[in-house]
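Here are a few exercises to work through with the model open beside you. Try each task before reading its solution.

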Amino acid sequence: MSEIQADSVLDCSGMLCPLPVVKTTKAIKQMEVGQVLKMIATDPGAPPDMQAWSRQTGNELLEHYEEDGKFIFFIKRVK
Amino acid sequence: MSKSDPSAPKRLAMISSKGTLDWAYPPFILATAAGAMGWEVQIFFTFYGLPLLCRDLKAAVSPLGNPAMPMKMPFGPEGFQKINWPIPTALMAAPGFNSVATGLMKKTFQSKGVATIEELREMAVDLDVGLIGCQMTMDVFGFKKEDFIEDAMIGGAATFLEFAADADVSLFI
């Protein structure tokens, strides 16, 4: 469980590569700088991909963990 | 000019030379992932990759000549879906087999949560991926610009090379 408050939630459950990354980008672009997106995925490739995405885009991956077979990400729009 | 400007985004240059359903995926997956990471991306569609720019996508797949392709069913109980069917090569050459195999692959991709090529291509356009059709291939195989989606551009080897010269990643697919 997380204490982080998300401004928006994106559910990518059931989607495979590259959809979680592409849909996260689209969602983040619609948010304000400083806001936090909660993204939920079931693709086991999502944790390494989201970390790479965060390093490449500069948007901050505040926290990520696995819960009940789902991968939860908290991403802060930085730029 | 990616290399000469350190603040410029990373750049991915790809050549898509194969238009079957299976080989259509890698360039579009990589293009959308790179675009999502803020990279500049161009795909140069040449030879059999060129029809992937057509408005009406007809990409199909043939198990013939693809001996490593898993022959599994996208429906039925889990144990049944795991069976890798030993299809004789002669049967793969039978009329209609390719359309059956294509249908099964599309069904499998859909049930597993993979986007269609049409969807990935639309996402690529949304992410400003440059889609370049090879003029020489158009002339050879008789394609017109009107056959392609609106966002497709036309170019030749020099067009691709100029972009690729400053690319951080270049792939021939």
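**Exercise 1.** How many residues does the contact take from chain B and from chain A?

*Solution.* A word on the ground rules comes before the steps. This is a predicted model, in which local features need pLDDT of at least 70 and side-chain atom pairs count only at pLDDT 80 or more, while totals for chains, interfaces and linings use all residues. Residues are numbered from 1 along each chain as its sequence is written, with chains lettered from A and ligands numbered from 1 in the order in which they are written.

Step 1: the contact takes twelve residues from chain A and eleven residues from chain B; two residues are in contact if their C-beta atoms, placed from the backbone, lie within 7 Å.
Step 2: on the side of chain B that touches chain A, α1(B) gives the largest share, four residues. Helices (H or I, at least four residues) and strands (E, at least two) are DSSP runs, numbered from the N terminus.
Step 3: sort that side of chain B by class, and it divides into seven nonpolar, three polar and one charged. Here Ala, Val, Leu, Ile, Met, Phe, Trp, Tyr, Cys and Pro count as nonpolar, Asp, Glu, Lys and Arg as charged, and the others, Gly among them, as polar.

**Exercise 2.** Describe how α1(A) and α1(B) pack.

*Solution.* Step 1: two packed helices are described by the angle between their axes and the distance between the axes.
Step 2: for α1(A) and α1(B) the angle is about 35° and the axes are 9 Å apart. Axes are lines fitted to C-alpha atoms, for helices over the stretch in contact, and angles run from 0 to 180 degrees between N-to-C directions.
Step 3: A:Val21, A:Val22 and A:Thr25 of α1(A) make the contact with B:Thr32, B:Ala33 and B:Ala36 of α1(B).
Step 4: by class, this contact has four nonpolar, two polar and no charged residues.

**Exercise 3.** Work out the strand order of the open sheet in chain A, and explain which strands stand at the edges.

*Solution.* Step 1: the four strands follow the order β1-β2-β4-β3, with mixed pairing; two strands pair if DSSP finds at least two bridges between them.
Step 2: β1 and β3 of chain A each have a single partner strand, so one side of each is left without a neighbour in the sheet.
Step 3: the twist averages 15° from one strand to the next.
Step 4: go through the pairs. β1(A) and β2(A) run parallel, joined by five bridges, and A:Ser8 has A:Leu37 as its bridge partner in β2(A). β2(A) pairs with β4(A) in the antiparallel sense over six bridges, where A:Ala41 stands opposite A:Phe71. β3(A) and β4(A) are antiparallel too, with seven bridges, and A:Glu63 has A:Phe74 as its partner.
Step 5: look at the turn. Two residues separate β3(A) from β4(A) in their hairpin, and A:Asp68 there has a positive phi of about 50°.

**Exercise 4.** What do the buried residues of α1(A) pack against?

*Solution.* Step 1: the buried residues of this helix (residues 19-29) include A:Leu19, A:Val22 and A:Ile28. A residue is buried if 20 or more other C-beta atoms lie within 10 Å of its own, exposed if 12 or fewer, and partly exposed in between; C-beta atoms are placed from the backbone.
Step 2: within chain A, their partners are β1, β2, α2 and β4.
Step 3: across in chain B, the partners are α1 and α5.
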